Amino acid sequence: MTRLRGKALLLAAVFLAGCAPYAVLEPQGQSAGSIAGLLHLFMWVCMVIWVAVVAALAYAALKRPTPAAGSPLQSAAEFDGKANWIVGSFVALTVAILAVLTLSSYLAGKTIADITGTETVTIHVTGYQWWWDVEYEDTRPDRTIYTANELHVPVGEAVKIKLDAGDVIHSIWVPSLFGKRDLIPGQHNELTFIAEKPGVYRGQCAEFCGFQHAHMGFTIVAEPRPAFDEWRREQLAQAAIPAALEQQQGRDVFLSRGCGLCHTVRGTDAGGRVAPDLTHVASRQTLAAGTLRMTMTDLARWISDPQAIKPGTKMPKADLDERELDAVVAYVGSLK
Amino acid sequence: MQFWLPTVFLVAIYRGQKSDAAMMRAIMLLALLVAPASCQREERDLTGSVPEKPAAGIEQSVLHPGDGNNPAPARSKYEETAFDVAEGKRLFQWFNCSGCHFNGGGGIGPALMDDKWFYGSSIENIVATIKEGRPNGMPSFKGLVPEKEVWQLAAYVRSVGGFVAKDVAPSRNDDLNAAPAENRAPTPSPFNGKGP
Ligand SMILES: [Cu+2]
């Protein structure tokens, strides 16, 4: 019995640990903080009310009926007065509680909205089935960054995300940083948030969008300003020139076997705009919208048969022989 | 399937004239039979490339001066699943076929929605066109596009021409489009009188 309970506890602990990167209750940003505060307030107030109501109900249900003295109609006037008083005060209490909750919800909404317009970085995110296209806007076009599935943001600064969808409705959600906001074809949405602590936060599409909706995640890396600027500079650069022979062969495979029809690798002839920009793909932490980790093995697994990993994904399985596959994996893995 | 369901219904009506209860029972039975049929429209093949080996002699077009005994090409499974045709429609834009053929109306490349086929209208002919290219400006996509995707593209080109069943051809686009949807394309009538 105790062994069973121990196992159950262990299992619960394991499941709860799974929640860690999605911690709603462990906010790391201002917006998520306001939302979590609101959650706590509502939870405690509603809990107290619930306990009081259940207690009153139990009391009324379990109380022994007092035998009526004389006719029940006799004391009606007296009883009415008492009832009016009780009902009246509970109505007043209800109104007061609702007012407090409404006000706190308004204030939380205002805190979230107030940072709009103070942003230092603007990122344009477009949702596709089933990955996120990312563009860092800049007044100078030659300083615009194109990447995918991973956002870097400076800690403590307001960041604006402009949201669009390329096919169906998606929704962006990073529980530790901000609430959900939909990406809708033909409708432009925005959100502004501040990451308060450095860290790697996991995000997820929160609107069912087809086959691989569950595999449409992304990461936000919050880092101090100097590290962010450094990352930005690196992303601006063109793709690394392959050094090793195998990588050079891989580049030829990449260009001659159709990868470039869909993907862009800046600095080469590959200029497709319908799939993630791969110029610095190996510098990301995950692969295929948070589905795999960025390791050479997982890269090989993905390129050799994406349909086995994300059935229905819009990247076809390429007809490559073993040698071509090894070469192209070596090349893509070198795109730091 | 298409034939025996109405048959059941007719039998039911015939029997129903004898008794109301039998009629009710027959209708219930029909509903039970029809309901599961609506659950699945088709099987989607999500595995990687499954190359379909083209039959021998596919380089011929309908206009080919042969002995006239070319067997009618068997329908490819790619033009019988709405999913594959829809994937072909997406790839037609992604691989920029639309850059030359526009949405089938033609421009730099010839129209794909009319009755004229320089290189044949069968799916095997179209596959060959895409893979090998054609001399007057159609680039070869051999090696660039995996085999399965070539077949999906060819199936879509067939639907632009109106060769594909209406319940398989893609329906209206979400955005504005000058041409009618593929599933509303008129059925072609090749001038040699033979069906596609
Ligand atoms: Cu989704």
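This is a predicted model: local features need pLDDT of at least 70, side-chain atom pairs count only at pLDDT 80 or more; totals for chains, interfaces and linings use all residues.
Residues are numbered from 1 along each chain as its sequence is written, chains are lettered from A and ligands numbered from 1 in the order in which they are written, and side-chain values use heavy atoms, with hydrogens and water left out.

Let me begin with the chain as a whole. Chain A has nine helices and 12 strands, where helices (H or I, at least four residues) and strands (E, at least two) are DSSP runs numbered from the N terminus. Of the 336 residues in chain A, 40% are buried, and buried here means under 20% relative accessible area, with exposed being over 50% and partly exposed in between, for a 1.4 Å probe and protein chains only. If we take the contacts between residues at least 6 apart in sequence, 64% of them join residues at least 24 apart, a contact being heavy atoms within 4.5 Å.

Two spans come with a record attached. UniProt, in an unreviewed entry, lists residues 41–62 and 83–108 of chain A under "transmembrane region", although such annotations may be inferred rather than shown by experiment; the positions are given in the numbering used here, and feature names are shortened. In the model, residues 41–62 are 100% helix, with end C-alpha atoms 32 Å apart, and residues 83–108 are also 100% helix, with end C-alpha atoms 37 Å apart.

Which residues coordinate the copper ion? They are A:C205 and A:C209 through SG, A:E207 through O, and A:H213 through ND1, at 2.1 to 2.7 Å. Donors are N, O and S atoms within 2.8 Å of the metal (3.2 Å for Na, K and Ca), and since water is not among the atoms, sites may look incomplete. The donor residues follow the spacing C-x1-E-x1-C-x3-H in sequence, and both A:C205 and A:C209 are buried.

Let me turn to the aromatic rings. The whole structure holds 11 aromatic pairs over all chains, where rings of Phe, Tyr and Trp (its six-membered ring) pair if their centres lie within 6.5 Å, and planes under 30 degrees apart count as stacked, over 60 as edge-to-face and the rest as tilted. In one of these, A:F254 and A:Y331 have ring centres 5.9 Å apart and planes at 65°, so the pair is edge-to-face. Since A:F254 lies in helix α5 and A:Y331 in helix α9, the pair ties together parts that are 77 residues apart in sequence. Both residues, A:F254 and A:Y331, are buried.

Finally, consider A:D277, in the loop between α6 and β11. A:D277 is buried, with a relative accessible area of 8%, and its contacts include A:Y146, A:R266 and A:R284.

Definitions and conventions. Lists of a residue's contacts leave out its neighbours within four places in sequence.
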